[in-house]
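Let's take a walk through a protein model together.

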Amino acid sequence: MTATLPDADARVPVDIDAETGAVAEAGAVTETGAITETGAITEAGVGSTGPGSAEALPVTRVFGIRHHGPGSARSLRHALEEFAPDAILIEGPADADPLVGFVAADTMTPPVALLAYVPDSPARAAFWPFAVFSPEWQALRYGVEHAVPVRFCDLPAANVLAAEDDTRTGSGDPLAALASAAGYDDAERWWDAVVESVPDSAAFDAITEAMTALREDATHHTAATVDLDLPVSDQDDPDGTRLVVDQHTLRREAHMRQVMRQVLKGGAKRLAVVCGAWHAPALVGPLGPAAPDARLLKGLPKTKAALTWVPWTHSRLASGSGYGAGVTSPGWYHHLFTETERPVARWLTKVAGVLRAHDLPVSSAHIIEAVRLADTLAALRGRPLPGLSEVTEAVRSVMCGGDETMVRLVVDELVVGETLGGVPEDTPTVPLAADLRARSKTLRLKQEALARTLDLDLRKERDVERSHLLHRLRLLGIDWGTPTTGEVRSTGTFRETWTLRWEPEFEVGIVEAAVWGTTLRTAAETKILDTASRDDVTVTALADALETALLADLGGATDGLITRLEAAAALDHDVTHLLGALPGLTRTLRYGDVRGTDTKALVHVADGLLVRICAGLPGAVTGLDTDAAQALRTQIDAAHTAISTRDDEHASTEWLATLQRIADRDDVHGAIGGRAVRLLCDAERIDDTESARRLAAALSIGNTPAAKAAWIDGFLGGRGLLLVHDRELLRRIDEWLRALHEDQFVATLPLLRRTFGSFESGERRAISQALRDTGSAPRTAAAPTAIDPARGRRALRAATTILGAAG
């Protein structure tokens with residue numbers, strides 16, 4: 001199979017016989033029909049001489065394009081101007097025809113996508129993306145600007161979404177086959193070289209000729225060896241290179257022909273059909289009887305589908321999976337389509353701007369030399385203009401000095417780019433999406449594809465409402481905003497920092513969330529109450545839900561959550577669950593100060609929770625292994641911080657009394673016992689002398705080295721400065737460490753490394769300096785103490801009694 005595509009200046013049309021694929025001269029009549037001098041195939045067998053011919057028979061011109069190709073888009077625009085159609089059909093879901101009118105709106109800004117979903121199951125959705133450089137979009141714009149009726153002709157979304165199997169992806173790449181025949185090892189480079197960089201309306205005929213030859217070979221394989229009822233993935237094609245016309249493709253093309261018949265029957269005289277190049281051979285020539293196509297389409301599954309326009313992004317066009325379109329360089333394609341004069345020089349000027357913004361010195365001389373290098377590479381490779389590969393090599397060599405990191409920066413910001421489209425406000429959508437759109441406009445929150453940081457001051461009314469909106473969306477599973485740490489540090493509750501980034505998939509999430517309500521507030525309230533009513537919900541989850549409800553200002557759900565939390569806490573006997581819920585409740589109590597939320601009902605819940613914790617915790621700390629003790633210690637730390645933050649005298653007193661009971665027990669794991677002593681010391685419930693006594697007892701000879709290390713870990717964990725300021729404590733631990741035998745030291749080393757490794761580097765340096773200052777030698781012996789004869793006699797009598805009893 002050989003195929004010849006036109007050179008840059010070639011404009012001679014190529015004529016193809018619909019059945020044999022033979023090439024005829026322009027204007028010649030084949031056995032099956034006539035072709036006009038522009039390559040359009042007539043229905044009746046006689047070619048028309050122009051759009052103004054009074055007796056012209058219907059003429060159809062099929063334009064086989066590559067989706068999202070700027071060269072195809074420009075060539076198609078020129079071809080439509082030459083052909084002057086009175087009706088246009090575009091590959092796309094046929095049930096999207098009512099949405100064509102929105103293309104004329106000033107606020108319709110590509111990239112956009114047709115979204116189709118099943119109302120009762122919104123997760124079943126599909127997208128059809130369009131960019132400004134998409135040929136289909138240019139066909140839509142041509143129809144709108146010239147008042148030409150435009151329709152979609154592919155299988156309706158109602159059929160696409162109803163299909164249970166996936167037979168839609170054909171095996172093999174026809175462009176790869178053509179590229180290989182032309183001597184290219186990369187289909188993208190081949191298409192960029194012969195089509196995208198050299199727009200020419202005559203290319204459509206040559207592309208159709210080449211695809212006809214490929215389709216003949218693919219049809220032969222299909223008829224001889226392939227079961228059309230099996231998915232392509234199940235066929236015998238180990239290397240994935242065979243071109244196969246699968247059953248889904250045949251049905252799509254049958255539907256396209258049926259729509260063509262309808263339009264021609266409706267009176268169209270000059271019909272333009274815009275479809276993928278792979279489908280073009282199936283649509284040229286006489287359409288023939290409709291019965292075979294009707295039989296092929298009979299019995300297709302169908303479901304109820306809703307369609308709308310949604311914004312899209314260039315990064316999603318560049319994604320080859322999920323809802324992406326598989327375009328590797330949408331930013332470059334957009335530039336080629338919009339910049340017709342000196343595109344390479346203008347592109348490299350943009351590159352220089354990006355690199356300068358990242359503090360890389362790039363001068364005008366760099367741009368000039370990069371242009372020269374790109375032109376030279378194109379000439380060496382026999383290309384009429386530099387393509388993306390030549391331009392990127394010039395950027396790498398001249399502007400980036402071979403630094404791949406900077407090249408990757410250019411690729412991310414320019415070659416792919418991140419542009420978010422827009423749709424008119426009156427575009428049909430679910431009520432929840434309309435509410436989000438209205439609230440976003442009121443609060444001046446713009447949907448943007450690039451991530452940006454938003455700092456909120458909750459003392460301002462608008463920022464509070466923004467916070468409510470973002471929390472409601474997160475509750476509904478739409479993470480437009482992600483809480484983050486801001487550059488402005490604050491220990492209060494009046495500041496929030498968010499990272500905002502809009503993803504096209506959120507449109508589906510909004511449709512899915514619409515089942516909960518028609519506004520963001522009611523939907524969030526309904527969903528959170530539904531979650532709280534489940535039998536398996538935990539106390540911790542309910543406390544978190546209550547905290548979220550107050551953050552989102554869901555007053556209609558607060559009472560129900562409090563009632564559910566009280567009931568769950570009363571039945572839950574696991575102290576760890578109660579401990580996990582307490583910090584969230586305490587944080588919730590603090591929000592009332594800033595957000596104006598009534599939290600009086602929560603005080604009763606928090607107090608009841610604390611009573612149950614204080615009663616059950618001393619008994620729950622015994623018999624724990626190391627992992628369980630570490631986990632419980634973390635919960636105790638969080639609870640202690642929460643209670644201290646609450647600043648309630650009664651709550652603090654009860655909690656510290658519970659810690660005292662834990663510290664006084666001998667059967668508590670060292671990680672918990674040591675931490676209880678540390679917390680009591682910080683709260684000034686025990687003094688330094690008492691804490692030193694307890695440390696000495698923990699390090700006494702009766703305990704194992706592992707138990708001693710665990711106690712020290714609990715006592716010191718995360719508090720390295722304590723050893724810097726308390727030299728006596730440092731001395732005691734130093735003496736204990738120096739007294740360990742080698743095997744004991746090796747056994748305790750992992751825990752010790754974890755303890756001291758958790759200290760900040762500055763804390764570790766300060767501890768080392770303190771050891772150098774004080775030294776590690778034993779203390780100087782104290783002066784002899786005077787002997788008390790009376791105590792000595794009592795000791796002797798006791799020893800005599802013991803020895804006598806032993807004898």
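A patch here is made of residues with over 30% relative accessible area and no salt bridge, with nonpolar side chains (Val, Leu, Ile, Met, Phe, Trp, Tyr) joined within 5 Å and like charges within 9 Å. Accessible areas come from the Shrake-Rupley method with a 1.4 Å probe, and for residues only the protein chains shown count as cover. Phenylalanine 745 sits in helix H31 (residues 742-757). Helices (H or I, at least four residues) and strands (E, at least two) are DSSP runs, numbered from the N terminus. With 35% relative accessibility, phenylalanine 745 counts as partly exposed; buried means under 20% relative accessible area, exposed means over 50%, and partly exposed lies in between.

A word on the source: this is a predicted model, in which local features need pLDDT of at least 70 and side-chain atom pairs count only at pLDDT 80 or more, while totals for chains, interfaces and linings use all residues. Residues are numbered from 1 along each chain as its sequence is written, and side-chain values use heavy atoms, leaving out hydrogens and water.

Another surface patch carries positive charge, and it gathers Arg791, Arg793, Arg794 and Arg797. Lys and Arg count as positive and Asp and Glu as negative, while His and the chain ends are not counted; the place of a charge is NZ of Lys, CZ of Arg, CG of Asp or CD of Glu. Arginine 791 belongs to helix H33 (residues 789-806) and is exposed, at 56% relative accessible area.

Now look inside. Which residues of helix H27 (residues 688-698) are buried? They are Ser691, Ala692, Arg694, Leu695 and Ala698. Seen down the axis of H27, these buried residues fall within an arc of 160°, so they line one face of the helix; the arc is that of the directions from the helix axis to the C-beta atoms. Aspartate 713, in helix H28 (residues 705-716), is also buried, with a relative accessible area of 4%.

Finally, turn to the salt bridges, of which the structure holds 31. Each is a side-chain nitrogen of Lys or Arg within 4 Å of a carboxyl oxygen of Asp or Glu. One of them joins arginine 646 and aspartate 607 (2.8 Å, N to O). This pair links distant parts of the chain, with arginine 646 in helix H24 (residues 626-646) and aspartate 607 in helix H23 (residues 600-620), 39 residues apart.

Conventions: Buried means under 20% relative accessible area, exposed over 50%, partly exposed in between (1.4 Å probe, protein chains only).
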